[in-house]
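Please open the model in your viewer and keep the sequence beside it. The tour below moves from one selection to the next and says what is there.

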Amino acid sequence: MPEATAPDLTAARPEAPPAVPDLTAARSNPKLANVLYHDWEADSYDAKWSISFDERCRTYARDRFELAAGAAGWPYGRALELGCGTGFFLLNLKQAGVLDEGHVTDISPGMVAAAQRNAKELGFSVEGRVADAESIPYDDDTFDLVVGHAVLHHIPDVELALREVLRVLKPGGRFVFAGEPTRHGDVVARRLSRATWEVATRATRLPGLRGWGRPADELRAASEAGGLEWMVDLHTFDPGGLARMALRAGAVDVSVRTEELMAALFGWPARTFEYAVNPQRLGPRWFWFSYRTWQRLAWFDAKALSPVVPAGLFYNALLTGLKPAGPVEL
Ligand SMILES: C[S@@+](CC[C@H](N)C(=O)[O-])C[C@H]1O[C@@H](n2cnc3c(N)ncnc32)[C@H](O)[C@@H]1O
């Protein structure tokens, strides 16, 4: 595989989205909060998270899939993504040869439209439907593969969603969910990000460093948006609990892996720093440094730490399992 190219992150800076949505009406309705929040984010999402559909993100998506479920059986014939966002996972997996026919769903209409737009720009089309993962609008036994990235922690009833996943999978079909925050990893990441945000935004108010600051309205919008995350981020997971939930939903051959410890300790503050300061000041050398450092730490985590450090201390959980191939014996 060729080496991943560095992202052009200087070009992909998040523009402050127009106005932070008013989620007052959605305070006791997490699904509505998710629709409003992600519709609002849809057009700036790729820039905010440095999402692309080039070698870098293809490799990232394919490696996550392979870490969870191995490389046997590629390409899967008909695949569905839940909570597709702008298509980061499924479109990159398709480009990497992991799957063939793609279908994308999300509870946010803006996200489904963005994913379909991205697919079109890549030269293929994917079918898209606005759908709640707790009631997937497809017939039983439809898909060979169901995937999701950073979606389970937004769904109120994760076990119900997993039962739906098993219903729409063909017997023997596989599901793969990646990018789910572990309980411990999430606490550490949030604390580090908050501390980095405080330090960076205060420092850039000092005389002599003002040129490093972002415009006040952008900072306010970013900060307000961050303050809404508690309404859409509903869960963190402990690896054993996540596996048990999938088994209760009826899956077999379930496994949960975790990854990113040092990489997350570096990555979250780095990302927050990039978001808090004027991007023009950072320049391509910073982004190269940041990306390469993250890659090296992720490698160190996988090779040196993963065999000896408890799984729950890593940041990211990956879940896979199968729908039983035959009728379940009761
Ligand atoms: C953090 S984003 C991840 C998007 C994309 N998978 C990625 O990795 O870039 C979570 C996505 O899940 C969607 N979502 C939230 N709740 C959902 C639900 N109940 N059913 C389906 N999608 C949902 C959101 O609209 C959002 O697009």
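**A guided tour**

Begin by selecting Asp253, which is found in strand β6, residues 252-259; helices (H or I, at least four residues) and strands (E, at least two) are DSSP runs, numbered from the N terminus. Residues are numbered from 1 along each chain as its sequence is written. This is a predicted model, in which local features need pLDDT of at least 70 and side-chain atom pairs count only at pLDDT 80 or more, while totals for chains, interfaces and linings use all residues.

With Asp253 still selected, look at its backbone, where phi is near 50°, a positive value in a residue other than glycine. Most residues other than glycine have a negative phi, and most peptide bonds are trans. Asp253 counts as partly exposed because it has 13 C-beta neighbours inside 10 Å; a residue is buried if 20 or more other C-beta atoms lie within 10 Å of its own, exposed if 12 or fewer, and partly exposed in between, with C-beta atoms placed from the backbone.

Next select Ala150, in the loop between β4 (143-149) and α6 (158-168). Phi of Ala150 is also positive, near 55°, and this residue counts as partly exposed because 18 C-beta neighbours lie inside 10 Å.

Now select the ligand and the 22 residues around it, of which His38, Gly83, Gly85, Ala133 and His154 come nearest; a residue is near a molecule or strand if its C-beta atom, placed from the backbone, lies within 6 Å of it. Both α1 (30-41) and α4 (88-95) supply at least two residues of this shell, and α1 gives the most, with 3 residues. By class, the shell has 10 nonpolar, 8 polar and 4 charged residues, where Ala, Val, Leu, Ile, Met, Phe, Trp, Tyr, Cys and Pro count as nonpolar, Asp, Glu, Lys and Arg as charged, and the others, Gly among them, as polar.

Finish with helix α7 (residues 183-203) and helix α11 (residues 262-276), which pack at an angle of about 35° with their axes 8 Å apart; axes are lines fitted to C-alpha atoms, for helices over the stretch in contact, and angles run from 0 to 180 degrees between N-to-C directions. Residues making the contact include Leu192 and Trp197 of α7 and Trp268 and Phe273 of α11, contact being defined by C-beta atoms, placed from the backbone, that lie within 7 Å. The residues of this contact divide into 10 nonpolar, 5 polar and no charged.

Conventions:
Two residues are in contact if their C-beta atoms, placed from the backbone, lie within 7 Å.
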